[in-house]
Amino acid sequence: MGICSLLMMGMHTMAQQQTENLVIVTLDGMRWQEVFGGADAALMHNSKYTNDIGGIQHLFGGKTEQEKRQKLFPFIWNTMAKQGQLYGNRKLGNKVETANPYKFSYPGYNEIFTGFPDTAVNSNDKVLNNNTNVLEFINQQQGYQDKVAVFATWDVFPYIFNKQRSKLYINADMDTAHAGSSTMNLVNDMQSLTSKPIDVRPDIFTYMAAREYMKANQPKVVYIALDETDDFAHHGMYDQYLRSANAADRMLSDIWKYIQSSPYYANRTTLMVTCDHGRGEKDKWVDHGDEIKESGQTWIAVLGPDTAPMGEVSTKQVIYQKQLAATFASLLGFEFTANHPVGFQIAGIGSPTQQTASIKPIGIAK
Ligand SMILES: [Zn+2]
């Protein structure tokens, strides 16, 4: 097939897509084991990791994995799994993994948003990222200028997205959000007075700033980076890890309710949820990194007008985190290119006719 006919095919499929807006949410270090299996009974009943075993059992316990996951992630299982797609249940042979070998946050977020598991990105330090990310790429496209916004709990995101170069709107940790509304002023006041149990602001302030910004400014692409799950896990607090995961699910439910009630966003917005890395199993659940094999295992959930309601995907496949950047762009009808290699988009997310040969797999060493 010649280049011209491929281009025409690309144009054609773009016209069929309904997604004009994209909301991306990440839950830092949230294991696929809980997403697909609910609370881990052994960890939940271990007093080393769970203070109020009875209370947590009441909230998130159950006889089957189906019952437990529904309690922990009711929005993911009642709405996203019914109307959208879930990837990463390794018990079904469906795998999502990091291509970067490090399996911690900065390399993970770099891989998600640049599509390039760059081995030079190997620390969590506040170093400006040299790699171009898909959010700044989208922010340069017609109709999307100054319509991309990032809200993050972790204060390293301005470096991951290279705020200086990308000129993206980024609100991280204790940054004050300027929306000129009394609601936003209240959010700003509250976050400045919080006890900050995880050192950075609690996720609820990140979420509320994002939601109120959406109401006031109608950005077309919003990224919400939640962090509590990873922090509580590192502290060995399984109960708080579960509570934060459940709160994140309720935030997903809340944002979807807003999206579908807004004439601006309804039926034109895709929601994608994922994480930067997994964690170990049994007592290793508290940690992650290159020495803990399972910490490269992640998951993806998608819901939107161009995503077929396949539910829990059981196709035997391996999807890499580096494929997300091109997938985000493709949902909006763009092909993400950069001055570095970019992983090819995930087949099955977005318009089914869009998975053409025009975007070829690239050989990045895993
Ligand atoms: Zn971590």
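**Close-up views of the predicted model**

In strand β8, Gln297 is the bridge partner of Glu97. These legends describe a predicted model, in which local features need pLDDT of at least 70, side-chain atom pairs count only at pLDDT 80 or more, and totals for chains, interfaces and linings use all residues. Residues are numbered from 1 along each chain as its sequence is written.

**View 1. Strand β3 (residues 94–97) and its partners.** Helices (H or I, at least four residues) and strands (E, at least two) are DSSP runs numbered from the N terminus. Strands count as paired if DSSP finds at least two bridges between them. β3 and β8 (residues 297–298) pair in the antiparallel sense over two bridges. With strand β11 (residues 317–320), β3 runs parallel, joined by four bridges, and here Asn94 stands opposite Gln317. A residue is buried if 20 or more other C-beta atoms lie within 10 Å of its own, exposed if 12 or fewer, and partly exposed in between, with C-beta atoms placed from the backbone.

**View 2. Strand β1 (residues 21–27), mostly covered.** Seven of the seven residues of β1 are buried. Asn21, Val23, Val25 and Leu27 point one way, and Leu22, Ile24 and Thr26 the other way. Six bridges join β1 to the parallel strand β7 (residues 269–274), and β1 also pairs with β6 in the parallel sense over six bridges. Follow Leu22 here: Thr270 stands opposite it in β7, and Val221 is its bridge partner in β6.

**View 3. Helix α12 (residues 203–217), largely enclosed by the rest of the structure.** Eleven of its 15 residues are buried, among them Phe205, Tyr207 and Met214. The buried residues of α12 pack against several elements, including β4 (148–152), α11 (182–193) and α14 (238–261); contact means C-beta atoms, placed from the backbone, within 7 Å. At 1.5 Å times one less than its number of residues, α12 should span 21 Å, and its end C-alpha atoms are 21 Å apart, which agrees. Just after α12, Gln218 takes a positive phi of about 50°.

**View 4. The largest nonpolar core, with 107 residues.** Such a core is a set of buried Ala, Val, Leu, Ile, Met, Phe, Trp, Tyr and Cys residues joined through C-beta atoms within 7 Å. Leu135, Val150, Phe157 and Ala325 have the most contacts inside this core. Helix α14 gives the most to this core, with ten residues. Not counting residues up to four places away in sequence, Leu135 touches Phe113, Val148, Val150, Phe161, Leu168, Val221 and Tyr223.

Notes:
Contact = placed C-beta atoms within 7 Å.
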